[in-house]
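Let's take a friendly walk through this structure together. Have the 3D view open as you read.

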Amino acid sequence: MEFSSRARQRHTRLAGDRRDPYPHSLQFYQEPPTESISLAEFESFAVDRLRLLKVVENLGVSHVRSSDLYKTKLEAEFRRLKFPYRALAEDDYDARRKDHISHFILRLAYCQSEELRRWFLQQEMDLFRYRFNELTEGLRQKFLEHVNLKFEAISEDLKNELANELCTSTPGFTMTKVKEQMFYKVGLSDAVDLFRARRVFIKDGFAFVPLKDIDAIVLNNYRQKLSKALALTARSLPSIQSDERLQPLLNHLSHSYVGPDYSAQKNTGKISLEHIDALSVKSFPLCMRQLHRALRDNHHLRHGGRMQYGLFLKGIGLTLEQALEFWKKEFIRGKVDADKFDKGYAYSIRHSYGKEGKRTDYTPYSCMKIIMSNPPSQGDYHGCPFRHSEPELLKQKLQSYKIPPSGIAQILDLVKGMHYQLACQKYFELTHDLDDIGFSLNHPNQYFAESQKLLTGGRELKKEPSHLGNSQQKSNSSQESMTSTSTPTSSNTTADAELEGLEAYFTED
């Protein structure tokens, strides 16, 4: 990512020392990258970090963050995606570079709304917490010096001298715990919250903070810096939105789905129309169950609902002929006669199957697309019930589906925390009598496929996505069809084209 000559001068590096730009594997991301980067690398880095943040979100809800299982699973993801997972290696320049660049790419993508900023900030905070706590004592001290936080670890002699005071001033500490825990000498201004809560020993204008609390001080410092940086980047939105290189790529990332492609469904033709009512109860995610019920009750769905539900049905295996029959039978039970259906609605169904217009073979909507775009208005039934329903209405719906009160409370807590996909995972667990589904739920068709594997016996291996190209739409189309979220590149760019001049989006005028 080439940014500017001013930045190049500020970040002049010795050609012989590749570690110089990244002296530590952990950072506060204060300075934007200053190098050129290809579009292919831009996309690859961003999607890998997005995958990592999704894992951080899922693990943070399903496991205790300090547990061994949480740490083991997260470290495995760091290794798989080639991010620096421990600050021990001296030759991890490529991993550190990827970490640095990918953070700033997603900062651009996720500064575009308050909701996106909140999500990005929370996941980056959890990611930082894990990485900071994994540092050894020596590396932790080096990092604090690197980010100009002058927190000095006290000596064993001083700790023994102050042991009684540290024990009585630190809630929950015994003498044994004092001896085991490392303490830091921190300026009072940095430990003001601990001081107000009377949770820290004070002497000579310094707070003696245990390791378990020092990470909170460092995290708060990081949160303030990142929150300010996101707000600053958001001020550049008009420039970002007018940048033809960036805006399509960034829009894709903020709505991105990075799982398997459900456009080619191996069950094509194996789903019987007579079974759809039963399947909707047993194996449909709540969003599709809601759409199916609305269609049966009203004998009609508006365009947003038809697109969301129609592509889902296509993904679970309905052929074009079955889809035409299914929609026609339902619509003519309402206010639409057969002739009006053939003239007005059949075309859009054939279009979504790639048989009309530009012959685009549309893929089913992912959870992120449903959550982030085209919110429903009055009379609409599309969207994500966990995202777009009022909590009381969602509670009533879940009650009508016989979800137990304790399960409803768990779902509503996840919704309150804006963990909409995790709320859907909990709904899956409750409706399938599982303690842990064992996978991250990112797509309605994934929900259906996993449900059917459980109900029919034997879970098959899921296909691993080969690259970012699992998009919601494989090419552009008319506005009557859905909005594309595929990985966009302009016609005059290639994967080898380089992005330059982006630093201005991260800095003040």
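This is a predicted model: local features need pLDDT of at least 70, side-chain atom pairs count only at pLDDT 80 or more; totals for chains, interfaces and linings use all residues.

Residues are numbered from 1 along each chain as its sequence is written, and side-chain values use heavy atoms, with hydrogens and water left out.

Start at helix H15, residues 286-298; helices here are DSSP runs of H or I with at least four residues, numbered from the N terminus. Of the 13 residues in H15, 10 are buried, meaning under 20% relative accessible area with a 1.4 Å probe, protein chains only. Among them are Cys287, Arg289 and His292. Just after H15, His299 has a positive phi of about 55°.

A cavity is a set of points on a 1 Å grid over the protein atoms alone where a 1.4 Å probe fits but cannot get out, and lining residues have an atom within 4 Å of a point. H15, H20, H21 and helix H24 (420-431) each supply at least two lining residues there.

The largest cavity holds about 160 Å³ of space, a volume being the space filled by probe spheres set on the grid points, which are joined across faces, edges and corners. Its lining draws its largest share, 5 residues, from H16.

Finally, find Asp380 in the loop between helix H20 (367-372) and helix H21 (385-388). Asp380 is buried, at 17% relative accessible area.

Conventions. Buried means under 20% relative accessible area, exposed over 50%, partly exposed in between (1.4 Å probe, protein chains only). The expected span of a helix is 1.5 Å times one less than its number of residues. On a 1 Å grid over the protein atoms alone, a cavity is a set of points where a 1.4 Å probe fits but cannot get out, and a pocket is an open set with protein on both sides within 12 Å along at least five of seven lines; lining residues have an atom within 4 Å of a point.
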